[in-house]
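Here's a quick tour of two spots worth a look.

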Amino acid sequence: MNNILKYAVIGVGSMGNNHARILSDMPGVDLVAVVDANGQRAKQIARRYNTRAYTTSEALFEQEKLDIVNICVPTVKHHKIALQAAGHGVNFLVEKPIAISIEQGQEIVNAAKEANIIMTVGHVERFNPAVIELHKRVEAGELGQVFQIQAHRASPFPAHVLDVGVVTDLAVHDLDVMRYITQSEVQRVYAETAQRIHTSHEDQLIGILRFEAGMIGKLTVNWLTPTKIRQLSVLGERGKFIVNYLTQELTFYENGATESSDWLGVLQGIKPGRMIGYVIHRQEPLRAELESFIQAVRDGTTPVVTGHDGIQALALAEAVIQAGQSHQTVTM
Ligand SMILES: NC(=O)c1ccc[n+]([C@@H]2O[C@H](COP(=O)([O-])OP(=O)(O)OC[C@H]3O[C@@H](n4cnc5c(N)ncnc54)[C@H](O)[C@@H]3O)[C@@H](O)[C@H]2O)c1
């Protein structure tokens with residue numbers, strides 16, 4: 001592989017523009033082209049980042065010799081373009097969720113495997129420094145036994161997201177992060193969903209999860225809140241961690257009853273202890289995600305987020321939607 005990687009971004013709407021911005025000034029990378037079905041948009045972004053514009057992915061793959069593409073088109077179109085990339089032997093990052101169905105997601109993963117290329121899914125919250133710090137501390141046993149994990153993700157309605165609902169678009173982030181933090185698969189889910197503004201899909205979710213490792217989880221996700229909330233909390237024997245994804249802050253509320261090194265502290269009761277705000281080195285998660293993927297491509301190693309992770313997160317999203325529609329618990 002050449003030292004300078006030839007890169008393109010397909011779909012330069014709100015997310016793809018961020019990919020192009022970061023790649024345009026990244027060392028070791030040459031952003032050779034951007035693609036957008038909207039010709040005006042393609043030209044505008046190409047001009048902004050001093051690169052070439054195409055209006056179809058077919059033309060891109062015919063005319064450019066590429067090492068990596070990032071696929072940032074609407075979710076319903078991930079499958080077609082990911083298969084094209086694999087067909088041309090080009091490594092790719094496909095934005096989250098991997099696809100609109102598990103079958104399509106599996107075909108994407110299989111195509112990458114057959115083409116012997118490296119692919120990842122844009123579960124960018126894995127690269128939020130506060131989430132990484134939380135993962136490290138939970139894994140090191142700082143909470144003792146983990147009891148509960150809760151995610152709250154809410155924001156105003158994004159009028160341009162027409163192809164999927166809030167579960168597939170937003171809750172999929174939390175489902176992935178919950179698997180990552182608990183290191184456990186989900187056993188069963190129950191959910192209530194509702195549709196108030198979106199014309200074809202749910203825009204509200206309250207979901208309940210049971211993990212194989214015994215924890216319970218809750219998801220509160222909607223597109224009906226006038227302010228943006230991105231929060232995760234993990235409760236365990238020794239206290240509670242809270243992550244604010246937006247400010248990249250990690251706070252620990254200690255269970256004062258477990259101040260001693262006695263790991264059975266919970267048997268002694270629960271009482272307020274210290275509140276600790278950890279110092280986190282802030283970083284743009286998308287930049288960290290792209291750097292990590294590029295390194296995996298250069299080294300030929302497994303990326304942090306695998307195709308399997310993308311499919312598991314989507315399978316959970318589908319189970320949540322099914323539970324919301326059927327009013328039945330769904331066993332994974
Ligand atoms: N990781 C994250 O946090 C995050 C955040 C936002 C969006 N996303 C994901 O990124 C994807 C795009 O979302 P968005 O909000 O940027 O949407 P968007 O509508 O703003 O942008 C999509 C762009 O793709 C273009 N497009 C459509 N079909 C195309 C095709 N066949 N070829 C080339 N261009 C095409 C559109 O013209 C548009 O400019 C979705 O899968 C979404 O879930 C991820």
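## A histidine and its neighbours

Leaving aside residues up to four places away in sequence, H79 touches Q104, E107 and I108. Keep in mind that this is a predicted model. With E107 the link is a polar one, side chain to side chain, at 2.7 Å.

As for where H79 sits, its place is in helix 4, which spans residues 78-87. Is H79 buried or exposed? Its relative accessibility is 15%, and the cut-off for buried is under 20%, so H79 counts as buried.

## Two sides of helix 2

Now over to helix 2, residues 39-48, where the buried residues are A42, I45 and A46. They're on the same side of the helix because they cover an arc of only 100° around the axis. Turn to the face pointing away from that buried side and you'll find the exposed residues Q40 and R47.

So much for the sides; what covers the buried residues of helix 2? The cover includes helix 1 (14-24), along with strand 2 (29-35) and strand 3 (52-54).

## How helix 2 starts and stops

At the N-terminal end, helix 2 is capped by N38. A side-chain oxygen of N38 lies 3.1 Å from the backbone nitrogen of Q40, and Q40 is also one of the exposed residues on the face turned away from the buried side.

Terms used: Residues are numbered from 1 along each chain as its sequence is written. This is a predicted model: local features need pLDDT of at least 70, side-chain atom pairs count only at pLDDT 80 or more; totals for chains, interfaces and linings use all residues. Side-chain values use heavy atoms; hydrogens and water are left out. Buried means under 20% relative accessible area, exposed over 50%, partly exposed in between (1.4 Å probe, protein chains only). Helices (H or I, at least four residues) and strands (E, at least two) are DSSP runs, numbered from the N terminus. The arc is that of the directions from the helix axis to the C-beta atoms. Contact means heavy atoms within 4.5 Å. A polar contact is a pair of N or O atoms within 3.5 Å; within protein, one must be able to donate a hydrogen and the other to accept it, and residues adjacent in sequence count only if both atoms are side-chain atoms.
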